Amino acid sequence: MTSLMTNRTKRARAARGGATLLTVACATVLGVTAFAGPAVADDTRPAQVIDLVDGTLDWGVKESFRRYITGPIAGGSIDLADGAESTDTGFRFTGGTGSYDLSTHGVDTAFDGSVHFTGHHGELDLKLADLKVVTEGTTGAIVADVTVAGETTEDVEFAALDLSGATRGSGEDGAMVFTDIPATLTADGATAFEYNGTPMYAEGTELDPATLSVTPDSTDPGTDPGTDPGTDPGTDPGTDPGTDPGTDPGTDPGEVPGTVVDGQLDWGVKESFRNYVTGPIAGGDVELSGGATELVDGYRFPDGSGQLDAEAETLDTSFAGGVRFTGHDGALDLQFSDFGVQINGTEGELIADVSSKDRETGEVSEYDDVAIAEFEVPADALNPEDDVLTLDGLPTTLTADGALAFAGFYEEGDELDPVNFSLALSDDAQLPGGNSPGGGDGNGSGGGPGPQGGASGGALAATGAGEGQFALIAGAGALLLTGAAAVRVSRNRLRHQI
């Protein structure tokens, strides 16, 4: 047995806690109802409505689709106009204005900007413009005017939003920020998202998460510009606005280290790898064990245990369950189990035991406690609310040790799926809800079925693969027929296709 790191202590795991949306929903309501009191002074409109200005929507539509459009197969381009801007993770739509209704907890905000995707010498032509975010409670939608091949359909409910999976924070000038809101393609969005008359993705396909930032209008006569909107108006403005108003103001909830009594880790390893394993080339399977369950965008590993020290900004947790990928008639065999999360300050690592088969020799290697992925943690993020700590949508990249344990499929620094986890610090704390277990397509892939359609406009968008796939199929056959020399050629092709 090969070990890349010192073994960590395997902790006994507590019984699972029930999941609920109440914690997240209440946090959302508390963040916005701080405006409710002053708004009553305005007699020109319903007292429960406040105006929102200076909004931004950060959303990349779908990362694999962007890569496909600008890649060698589609050979296309992405054009932004009308106030839209490019970001590291996609696009930013600006100039958001709208309203928040305290009675329904609903946001209705419209943004400037458009994004225009073209490819295949103009045969693929999709434009999204006049985007809006409409929410009520913990659900919502991204609405857009959609133009396909010159024909426009207005106000298409393009993506469904799940605000219970978002991270709430604050920005400049009292902005309310909802980060990494999970988004999935709607039925109408799937109809609009087509090429040559065929939908490229199915309803329910995971899209890029969205980040929404909205600011109460400081010029609104019903809003007191002298009050910090992030502070409960019933508290002394001289107190720390970061103190939970429901706790003893004399107690700092971050001073006492906490024991993790339950938790859940959501991670899909890598979406394109999942699709490859269960697709026609590898012809493989995904097997879950030890209580792990399938989500629409990956897997959930339960029974978290460990220690949190919010003051020292450290976290050390472990989770039950495992996932095993097999394919190519057993030549591919990769398993992850006994996951853990370790955080020190703003640096985090995803730990796991890994079993992998060498595709040339067939030898199986076991690696204990490998730091397979690393990620960054926002400052001051390790502060639980209502005895629950939740971090969502943390981008992960493959480490050098992870690349070795991953049997050479990827290189150090390659992007993996984002990681989400929630931890309960008391027996009666309720873990937040999210994707329902078993919500995937039954074959281990996330986000529902892959893109549909013809050879040049359908399934290619999922992996960025094209004509090279046919060479890859031949290489996969050589894996079993012609020995190690052909396998090395196939391995190089595989790394660039999945």
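Colleague: Where is the place of Ala371?

Modeller: Ala371 sits in strand 26, residues 364-376. Strands here are DSSP runs of E with at least two residues, helices are runs of H or I with at least four, and both are numbered from the N terminus. This is a predicted model: local features need pLDDT of at least 70, side-chain atom pairs count only at pLDDT 80 or more, and totals for chains, interfaces and linings use all residues. Residues are numbered from 1 along each chain as its sequence is written, and side-chain values use heavy atoms, with hydrogens and water left out.

Colleague: Why is Ala371 called buried?

Modeller: Buried means under 20% relative accessible area, exposed means over 50%, and partly exposed lies in between (1.4 Å probe, protein chains only). Ala371 has 5%, so the label is buried.

Colleague: What makes strand 26 and strand 27 a pair?

Modeller: Two strands pair if DSSP finds at least two bridges between them. Strand 26 and strand 27 have two bridges, so they qualify, in the antiparallel sense. Glu374 stands opposite Thr397 in strand 27.

Colleague: How many bridges join strand 27 and strand 28?

Modeller: Seven, again antiparallel. Strand 28 covers residues 415-424. There, Leu416 is the bridge partner of Thr396.

Colleague: Why is strand 27 called mostly covered?

Modeller: Strand 27 spans residues 388-398, and eight of its eleven residues are buried.

Colleague: How do you know that Asp58 and Arg92 form a salt bridge?

Modeller: The rule asks for a side-chain nitrogen of Lys or Arg within 4 Å of a carboxyl oxygen of Asp or Glu. The closest N and O atoms of Asp58 and Arg92 are 2.6 Å apart, so the pair passes. Asp58 lies in strand 2 (residues 49-59) and Arg92 in strand 5 (residues 90-101), so the bridge ties together parts 34 residues apart in sequence. Asp58, at 16%, is buried. Arg92, at 29%, is partly exposed.

Colleague: What makes Glu271 and Lys62 a salt bridge?

Modeller: Their closest N and O atoms are 3.7 Å apart, which is within 4 Å, so they count. Glu271 lies in helix 5 (residues 271-278), and Lys62 in the loop between strand 2 and helix 3 (63-70), so this pair ties together parts 209 residues apart in sequence. Lys62 is buried at 4%, while Glu271 is partly exposed at 24%.

Colleague: How many salt bridges are there by this rule?

Modeller: Eight. Among them is Arg324 with Asp333, at 2.6 Å between the closest N and O atoms.
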